[in-house]
Amino acid sequence: MRSAIIGLGVIGKVHAKVLSSQQKMVAALCDIDIGAAERVREQFAPDAVIYSDYRLMLDEIKPDVVHICTPHYLHAEMVIAALDRGINVLCEKPLCIRREDIGRILDAESRSTAQLGVCQQNRYLEVNEFVKEYLADKKIVGAHGSVAWSRDADYYNSAEWRGTQDQEGGGVLINQALHTLDLVQWFCGEPTEVVASKDALMLGDVIEVEDTLSARYFGENPFSFFATNCAPCGFPVQINILLSNKEKLTVLPSVLLINDEVKLRKGQKQVLGKACYGNGHEALIDDFYDCVATGRHFTIDGAEAAKVVRMILAAYESNGERVSV
Ligand SMILES: NC(=O)c1ccc[n+]([C@@H]2O[C@H](COP(=O)([O-])OP(=O)(O)OC[C@H]3O[C@@H](n4cnc5c(N)ncnc54)[C@H](O)[C@@H]3O)[C@@H](O)[C@H]2O)c1
């Protein structure tokens, strides 16, 4: 199979590294910053042709799989362009940043012969896969998810799209905390309503979006959620779940506690990206290619990835009122 990557910044490079480690053939790299693409070609994709126009690249190279690793606001148009050309597309999170784009993407997916997958890779981490299975025959009473990370002005100034409403689509919730909110939703099911409050505690002079958000989601299995980029340092994300059998699960990236006893510790696999990304990218990318090769349906498709986007957009719209998701 021949692959292509659009966007060779921080995460595009991780995709290239994973593809190289899995001996997958990268036929093209596309970035408006040609130097960024050239640097990745040198390290991980010696045979790649370089493009700055992604539509031209899709038309000329016709890859079997294209990876979209560009800023948030470009995902919708790039996903649709690939699907309409019958090209399988693996898009970085979030699927999109506007409600109207969800329907456009799902329509493109249903009229395409190709598959769409979204990189919500933390579902592939050992501990999270175990929890999902563990919960299958249990009743959840409630849950809480928490992301306490640290991002400073240098981070937000490192690329123009970061911290902007029209290009990032929000702050800590849609970017850093999306994975953890997605996991809570995966464990608890889709909520119907949310009340949320967002703030710029420390980065108000630097960004036009929230650096902190707290939310309470309502549904069959209710949960609360807290996310901040203002912690003194990055702490492990955490999900707490209370079950009707009185068990209390504490889900951390590398360990699961049940009633304070260690139930599972993750194995020591090599991580190819930043440690906070986990090693889910390798497993997710491998699974997506297997789905494309065998025709098996990839589970984190447009409809699945749209769930967390709807939850995030509803939290942004809430402004202290209880609103539908
Ligand atoms: N799954 C994860 O854990 C994870 C981690 C980090 C980032 N991401 C996601 O990956 C995406 C990219 O984030 P990043 O941190 O790598 O950003 P980045 O700014 O480092 O890289 C984005 C790249 O896209 C390029 N680009 C912009 N417009 C383009 C266009 N029209 N055509 C081609 N290239 C274009 C830029 O020049 C840049 O090189 C975001 O959606 C982000 O949320 C996901």
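Helices here are DSSP runs of H or I with at least four residues, strands are E runs of at least two, and both are numbered from the N terminus. Keep in mind that this is a predicted model, where local features need pLDDT of at least 70, side-chain atom pairs count only at pLDDT 80 or more, and totals for chains, interfaces and linings use all residues. Residue numbers start from 1 along each chain as its sequence is written.

Buried means 20 or more other C-beta atoms within 10 Å of a residue's own, with C-beta atoms placed from the backbone.

Now the domains, whose bounds come from an automatic or database assignment.

| Domain | Residues |
|---|---|
| domain 1 | 2–121 |
| domain 2 | 123–267 + 301–324 |

Their centres, taken over C-alpha atoms, are 26 Å apart. Across the boundary, 19 residues of domain 1 are in contact with 19 residues of domain 2, contact being C-beta atoms, placed from the backbone, within 7 Å. On the domain 1 side, α5 (99–111) and β6 (116–119) each supply at least two residues, and α5 gives the largest share, with 5.

β6 pairs in the parallel sense with β5 (residues 88–92) over 4 bridges; pairing takes at least two DSSP bridges. Valine 89 stands opposite leucine 116 of β6. Leu116 and Val118 point one way from β6, Gly117 and Cys119 the other, and all are buried.

What is the strand order in the open sheet of 9 strands? The order runs β14-β13-β12-β11-β7-β10-β9-β8-β15, with mixed pairing. β14 (261–265) and β15 (323–324) are at the edges with a single partner strand each, so one side of each has no neighbour in the sheet. β15 runs antiparallel to β8 (residues 193–199), joined by 2 bridges, and serine 324 in β15 is the bridge partner of glutamate 193.

Finally, the ligand: among the 25 residues around it, Gly7, Gly9, Val10, Glu92 and Ala159 come nearest, where near means a C-beta atom, placed from the backbone, within 6 Å. Helix α1 (residues 10–21) provides the largest share of this shell, 3 residues.

Notes:
Two residues are in contact if their C-beta atoms, placed from the backbone, lie within 7 Å. A residue is buried if 20 or more other C-beta atoms lie within 10 Å of its own, exposed if 12 or fewer, and partly exposed in between; C-beta atoms are placed from the backbone.
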